[in-house]
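Thanks for coming. Please have the structure open.

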2 protein chains.
Amino acid sequence: MLNKNILLLALQISLLGTSLGGNVLIWPMEGSHWLNVKIIVDELIKKEHNVSVLVASGALFITLTSNPSLIFEIYKVPFGKERIEGLIKDFVMTRMENRPSPLTIWRFYQEMAKVIKDFHMVAREVCDGVLKNQNLMEKLKKSKFEVLVSDPVFPCGDIIALKLRIPFIYSLRFSPASTVEKHCGKVPYPPSYVPAILSELTDQMSFTDRIRNFISYHLQDYMFNMLWKSWDSYYSKDLGKRTTLCEMVGKAEMWFIRTYWDFEFPFPYLPNIEFVGGLHCKPAKPLPKELEEFVQSSGKDGVVVFTLGSMIKNLTEEKSNVIASALAQIPQKVLWRHTGKKPETLGANTRLYEWIPQNDLLGHPKTRAFITHCGTNGIYEAIYHGVPMVGIPLFGDQHDNIARMKAKGAAVEVDLQRMTSSDLLNTLKAVINNPSYKENAMKLSRIHHDQPMKPLDRAVFWIEFIMRHKGAKHLRPAIHNLTWYQYNSLDVTGFLLACVATFIFLVTKCCLFCYCKFGKTAKKKKKE
Amino acid sequence: MLNKNILLLALQISLLGTSLGGNVLIWPMEGSHWLNVKIIVDELIKKEHNVSVLVASGALFITLTSNPSLIFEIYKVPFGKERIEGLIKDFVMTRMENRPSPLTIWRFYQEMAKVIKDFHMVAREVCDGVLKNQNLMEKLKKSKFEVLVSDPVFPCGDIIALKLRIPFIYSLRFSPASTVEKHCGKVPYPPSYVPAILSELTDQMSFTDRIRNFISYHLQDYMFNMLWKSWDSYYSKDLGKRTTLCEMVGKAEMWFIRTYWDFEFPFPYLPNIEFVGGLHCKPAKPLPKELEEFVQSSGKDGVVVFTLGSMIKNLTEEKSNVIASALAQIPQKVLWRHTGKKPETLGANTRLYEWIPQNDLLGHPKTRAFITHCGTNGIYEAIYHGVPMVGIPLFGDQHDNIARMKAKGAAVEVDLQRMTSSDLLNTLKAVINNPSYKENAMKLSRIHHDQPMKPLDRAVFWIEFIMRHKGAKHLRPAIHNLTWYQYNSLDVTGFLLACVATFIFLVTKCCLFCYCKFGKTAKKKKKE
């Protein structure tokens, strides 16, 4: 009986797994964003869907692979890879040189605004590359796509989907000024307990933290109104009707957020939001022989894995030496992804690699700690394998990410600009030797693994759902039909206050009238 | 290879299905609430958990069955079944005689307040029945429960769990005045697009609807403050420390809401909320021979299924005749669950039954429509099988339920008090003959069936999760640590306004000072 049930169940599952063979269009973003979306692309192909990816000719990180089910549609843009590289560099440097402390918050947002303006110029050229390419648009129309998956860092995925008359989904970690989630997606972020993006705050805020958070939200709202409004005319011009960026972005069927409650602080959200953090995580594969031998040679001390990600190519010589001399003083062996000149202070325990199999190393039983630049992908791999972290955040969401891991007790942060060798050494020793960090990392790992359904399966489920049902309108909240003053019930409260005021006015007038009429008559009578 | 994969998958599933053999305590509610929780209880037993249910000696609907894994702990209360029956009757009559129209909303809430006061008296006796029963509490402590599942209509499930030092979960469709969800659970219900409970509104509201909704929310907030505050002292007294009902209720690990987006209008919620609507639904079983023959005799016209649920025992003779004469005029055969005197106008096409296998009938291919009192359980069975509805709502959430089904185009409502035979007849004809109702019911059915995981499996998953991890604190939002003015950032805005005011004051003072000092000197000089 049990066997029969199991076989029946297996049959159902294999039927569920049957491909729909749909056509999916991807609007990707560079760098680690692409690496994350690529996992969804691979899974879709595994389920026999055909996937096309729109790639700008100036793309930096998107490597074109050959696969009959995966087509890269290259479109021309009037810039080369160096423009994207320059943008990333500006973004990194601005963030590294400015942090939103209570005294510098205004300057921080001023500097960020400069980079964002530049970014929007490039983004507009990227949009033009597709929207003004008639041949490409015709080709896309003929390809009969059923859904578009968009990374919203570069706008226009939405407008492309709308012009192709297909539903679309966003996949994002966050968007600048919370444009896509808060302003257009209508996620309510109460500033009293949900830390603003780039604020580096946690959900446990003191009174001054809450003031900072409140100001951060309002400065970001101001930035959104200043810097994103120009997209309204771009969208209106392209669609040939008066519209706004938010009206179009708000038409998304779903928002995939690349975090989960193992990482994020709980906050209110909407039914068309799915948290798929760590969808790229997978069990570790065996290491190459040379690496495995080095790792095994660490004995019971184990190893430390160290990488600052793919965006940072070279550290200064001085900084490399500061780091290397700290690493030289720990009993662990260290695997360091490092592409610059070999530091002079490099210890015998440390080996440099141009590339390391990060996930396989983090999943190795001998790994004791992970020194990371705090990219979401890397942090999720550490959570998946339960490895405590030393965070050296550089830009983007990385400072927010390490704030989360610190608050959950699975990491310690060091500041790349200001750290000394002994800072890094002491931090590393603490993370490796104080068992609480490992315990907390394991706790996050258990939460991550113990979900009703794996994040990648959920992402693919909802993409297929939207293909099957041609959308997911049943998840769309009615707030999208309201203006800001209607949503905040300002018209209703205004009307009710007016009613109360009129009532008080009339009652007062009546009383005065009665007093004047009858009061005076009474006085007169009394006098008589 | 495929076979090997399928077998591996089946093995994984059978391992996942391995029992934890935990001990679960249930704090149930009467009527259809119990029927719904019973499905979870049965599934927990199937997974080899031991379940104990706390049942008051005056319980009305909870039938005690014999099963070694299911224990009914009976506790004494100073009232009999007739008290519960009386309460239900009062509640039904108050709701039937009062509807929250714009002109009667104040009276409606006044009448509801009377019933709620009476209800709280009974609820307090129920709580006393357990909390003041030292032997029972000792026995429960010794039973080493790992989790308590509470229906919060009767308070105290929470306090029992806290005294036993075990985590607890709520299972609810809604709570009066949104106590458990909004006030204590901190779900943000924006009055601009989320209809208040018992308001009979939808998410598409006109300006006047939004005024009504706004007032409904505030009247319910007022009711909560008036009628639920007495529980604060009850809880404080029992726990021997100053506390509030909401502080205790807010300690729940999770809130299971017995709806889903096939039924509900999308609204913002929190990560510790799981929507498990329709968890009791299952495929139809074959009908008993006599019933099947009657159903088959309907030919291509099919049948109509009619029940007003288990709470309503007898309709008046007059009302029964109005209904029967309408039913007599349709070509369909009708199966009517009816316990009163046989109506004189009963047609040959209509058969009366003391009980009908509702789910099996709704799942029968010959069923064309469902006449229902709009209980959530029944509506979910209709959604599951894609059957359009004629709603005759009576009390509780039933008016809200039919408002939802009407808005989604799967039902029409008739008013039991005011309807004539032709009203019911025309409504029935419309629902049966206009294909849009069937199409919309099927659309809801497809949404219901196309979820990443079945609602019952999700409910059981999270109960087991909480047993495995001794809670789900990672899903708990920080709002629970804030006061209402902190949550609304009133202290922050107050402080910032004070800063701005001080700044303006100082600048004005400085200007005045400068003007007085230098302006006058200048004037003096000019004069000289």
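**Strands, helices and the interface**

In chain B, β9(B) and strand β10 (residues 350-353) pair in the parallel sense over four bridges. Pairing here requires that DSSP finds at least two bridges between two strands. Helices (H or I, at least four residues) and strands (E, at least two) are DSSP runs, numbered from the N terminus. Thr350(B) in β10(B) is the bridge partner of Val334(B).

Before going on, the ground rules. This is a predicted model, in which local features need pLDDT of at least 70 and side-chain atom pairs count only at pLDDT 80 or more, while totals for chains, interfaces and linings use all residues. Residues are numbered from 1 along each chain as its sequence is written, chains are lettered from A and ligands numbered from 1 in the order in which they are written, and side-chain values use heavy atoms, with hydrogens and water left out.

Back to chain B. Strand β8 (residues 303-307) runs parallel to strand β9 (residues 333-337), and four bridges join them. Val303(B) is opposite Lys333(B) in β9(B).

Now chain A. An open sheet of six strands there has the order β10-β9-β8-β11-β12-β13, with parallel pairing. Its edges are β10 (350-353) and β13 (411-413), each with a single partner strand, so one side of each has no neighbour in the sheet. On average, neighbouring strands are turned by 15° against each other, direction ignored. Within this sheet, β8 (residues 303-307) and β11 (residues 367-372) of chain A run parallel and are joined by five bridges. Val305(A) is set opposite Phe370(A) in β11(A).

Chain A also has an open sheet of seven strands, ordered β3-β2-β1-β4-β5-β6-β7, again with parallel pairing. Here β3 (70-75) and β7 (273-275) are the edge strands, each pairing on one side only. The twist from one strand to the next averages 20°. Helix α18 (residues 455-469) of chain A packs on this sheet and touches β1, β4, β5 (168-172), β6 (254-257) and β7; its direction makes about 170° with that of β6(A). Angles run from 0 to 180 degrees between N-to-C directions, and axes are lines fitted to C-alpha atoms, for helices over the stretch in contact.

How are α14(B) and α17(B) oriented to each other? Helix α14 (residues 376-385) and helix α17 (residues 435-449) of chain B pack at about 90°, with axes 6 Å apart. That makes the two roughly perpendicular. The terms are: under 35 degrees roughly parallel, over 145 roughly antiparallel, 65 to 115 roughly perpendicular, and the rest oblique. Residues making the contact include Tyr380(B) and Ile383(B) of α14(B) and Met442(B) and Leu444(B) of α17(B); contact means heavy atoms within 4.5 Å.

In chain A, α4 (residues 105-131) and α9 (residues 230-239) pack at an angle of about 10°, their axes 12 Å apart. They are therefore roughly parallel. Among the contact residues are His120(A) and Arg124(A) of α4(A), and Trp231(A) and Tyr234(A) of α9(A).

Last, the interface. In contact are 53 residues of chain A and 53 residues of chain B. The two chains bury about 4700 Å² between them, 72% of it on carbon and sulfur atoms. Buried area is the accessible area (1.4 Å probe) that two parts lose on being put together, summed over both. In chain A, Asp450(A), Pro452(A) and His474(A) lose the most area to chain B, together 12% of what that side buries.
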